[in-house]
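Reader: I'd like to learn how to read aromatic pairs in a model. Can you walk me through a case?

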Amino acid sequence: MKEDIINAILNNIKVQVSSPSNPSGTTSTSAVQMGLGVTYTPATTGRLLVIVVGEASNNTAGDGATVKLSYGTGTAPSNGAAATGTAVGSLLSVTSNAANQTVPFTLGYILTGLTIGTSYWFDLQVAAVTGGTASVSNLTVLIIEF
């Protein structure tokens with residue numbers, strides 16, 4: 001009986017790992033999309049754990065970047081597009097002590113109630129804090145449906 005329950009749980013777990021290319025940075029102090037091109041279609045539960053790991057930076061010493069996870073349906077946003085979709089989780093804010101200094105970050109969020117069979121895009125909204133060019137790089141996006 002216990003083995004049947006474990007097998008049922010394991011059969012419902014789906015994992016996708018993506019390593020999108022480094023997107024172009026932004027000089028905007030209002031959040032813009034990075035255009036990562038990551039999509040996932042829920043197949044079994046409509047419940048996802050989304051984790052994004054990467055580095056954030058600004059090319060101006062003493063300035064920084066803000067980063068937030070967003071998702072939606074339909075056409076995925078392109079790099080530099082106005083913030084769109086549903087932003088979730090905490091707003092991450094980093095400050096570069098030196099020009100182009102990278103600061104590691106991890107963002108994660110559990111989404112529930114997503115429609116099985118509907119494709120969702122996942123992206124980052126990034127802004128420069130007061131100036132310079134804010135960037136994210138070395139990204140890995142992990143999506144676990146459970």
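Author: Here is a short tour of the aromatic rings, with some notes on the fold. This is a predicted model, where local features need pLDDT of at least 70, side-chain atom pairs count only at pLDDT 80 or more, and totals for chains, interfaces and linings use all residues. Residues are numbered from 1 along each chain as its sequence is written, and side-chain values use heavy atoms, with hydrogens and water left out.

Reader: How many aromatic pairs does the structure hold?

Author: Rings of Phe, Tyr and Trp (its six-membered ring) pair if their centres lie within 6.5 Å; planes under 30 degrees apart count as stacked, over 60 as edge-to-face and the rest as tilted. Here there are two aromatic pairs. Tyr71 and Tyr120 sit 6.3 Å apart by ring centres with planes at 50°, so they are tilted. Tyr71 and Phe122 are stacked, at 6.2 Å centre to centre and 20° between the planes. Put together, Tyr71, Tyr120 and Phe122 make one aromatic cluster.

Reader: Which strands hold Tyr71 and Phe122?

Author: Strands (E, at least two residues) and helices (H or I, at least four) are DSSP runs, numbered from the N terminus. Tyr71 is in strand S5 and Phe122 in strand S8, so this pair ties together parts 51 residues apart in sequence. The protein has one helix and nine strands.

Reader: Is Tyr120 buried or exposed?

Author: Buried means under 20% relative accessible area, exposed over 50%, partly exposed in between (1.4 Å probe, protein chains only). Tyr120 is buried at 8%, Tyr71 counts as buried at 16%, and Phe122 is buried too.
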